[in-house]
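Please read them with the coordinates open.

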Amino acid sequence: MPTGKEKKHDRLAQVQFLTVAEVADIMRVSKMTVYRLVHSGELPAVRVGRSFRVPENEVHAYLENAYYSAG
């Protein structure tokens with residue numbers, strides 16, 4: 001039976017991380033906009049050295065929650 005630590009490791013192993021440039025391409029915005037979202041906490045990210053990696057599922061969740069009805 002897997003321990004809590006092994007379960008967490010299995011979940012993290014399945015996470016796909018994207019670079020800021022990849023997120024910008026998906027969202028069709030500039031890299032600076034992605035950096036602003038990361039620094040403001042609106043888009044969760046992991047810092048790796050001097051760069052950031054954003055979980056792909058968080059990008060999709062952000063976009064799903066960004067929809068609004070106009071008028």
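1. Of the 71 residues of the protein, 18% count as buried; buried means under 20% relative accessible area, exposed over 50%, and partly exposed in between, with a 1.4 Å probe and protein chains only. The accessible surface comes to about 5,800 Å², and carbon and sulfur atoms hold 51% of that surface. Areas come from the Shrake-Rupley method with a 1.4 Å probe, and for residues only the protein chains shown count as cover.

2. On provenance: this is a predicted model, in which local features need pLDDT of at least 70 and side-chain atom pairs count only at pLDDT 80 or more, while totals for chains, interfaces and linings use all residues. Residues are numbered from 1 along each chain as its sequence is written, and side-chain values use heavy atoms, with hydrogens and water left out.

3. The protein has four helices and three strands, in the order α-β-α-α-β-β-α from the N terminus on. Helices (H or I, at least four residues) and strands (E, at least two) are DSSP runs, numbered from the N terminus. Among contacts between residues at least 6 apart in sequence, 43% join residues at least 24 apart; contact means heavy atoms within 4.5 Å.

4. The three strands form an open sheet with antiparallel pairing and the order 1-3-2. Strand 1 and strand 2 are the edge strands, each pairing on one side only. From one strand to the next, the twist averages 40°. Axes are lines fitted to C-alpha atoms, for helices over the stretch in contact, and angles run from 0 to 180 degrees between N-to-C directions.

5. Two helices pack on this sheet, helix 2 and helix 4 (residues 56-66). Helix 2 touches strand 1 and strand 3, and its direction makes about 90° with that of strand 1. Helix 4 also touches strand 1 and strand 3, with an angle of about 70° to the direction of strand 3.

6. Strand 1 (residues 17-19) pairs with strand 3 in the antiparallel sense over three bridges; two strands pair if DSSP finds at least two bridges between them. In this pairing Thr-19 stands opposite Arg-53. Strand 2 (residues 46-48) likewise pairs with strand 3 in the antiparallel sense over three bridges, and Arg-47 has Phe-52 as its bridge partner. The hairpin of strand 2 and strand 3 has two residues between the strands, and Gly-49 in this hairpin takes a positive phi near 65°.

7. Which residues make up the largest nonpolar core? There are 12: Leu-18, Val-20, Val-23, Ala-24, Met-27, Val-34, Leu-37, Val-38, Leu-43, Phe-52, Val-54 and Val-59. Helix 2 (20-27), helix 3 (31-40) and strand 3 (51-55) each supply at least two residues of this core, and the largest share, four residues, comes from helix 2. A nonpolar core is a set of buried Ala, Val, Leu, Ile, Met, Phe, Trp, Tyr and Cys residues joined through side-chain atoms within 4.5 Å. Val-59 touches Leu-18, Val-23, Ile-26, Met-27, Leu-43 and Val-54, not counting residues up to four places away in sequence.

8. The structure holds one aromatic pair. Tyr-35 and Phe-52 are edge-to-face, at 6.3 Å centre to centre and 70° between the planes. Rings of Phe, Tyr and Trp (its six-membered ring) pair if their centres lie within 6.5 Å; planes under 30 degrees apart count as stacked, over 60 as edge-to-face and the rest as tilted. The pair links distant parts of the chain, with Tyr-35 in helix 3 and Phe-52 in strand 3, 17 residues apart. Tyr-35 counts as partly exposed at 31% relative accessibility, whereas Phe-52 counts as buried at 11%.

9. The loop between helix 2 and helix 3 deserves a check. Arg-28 lies in this loop, and its phi is near 60°, a positive value in a residue other than glycine. Arg-28 is exposed, with a relative accessible area of 76%. Val-29 is found in the loop between helix 2 and helix 3 too and is partly exposed, with a relative accessible area of 31%. Leaving aside neighbours within four places in sequence, Val-29 is in contact with Ala-24 and Val-34.
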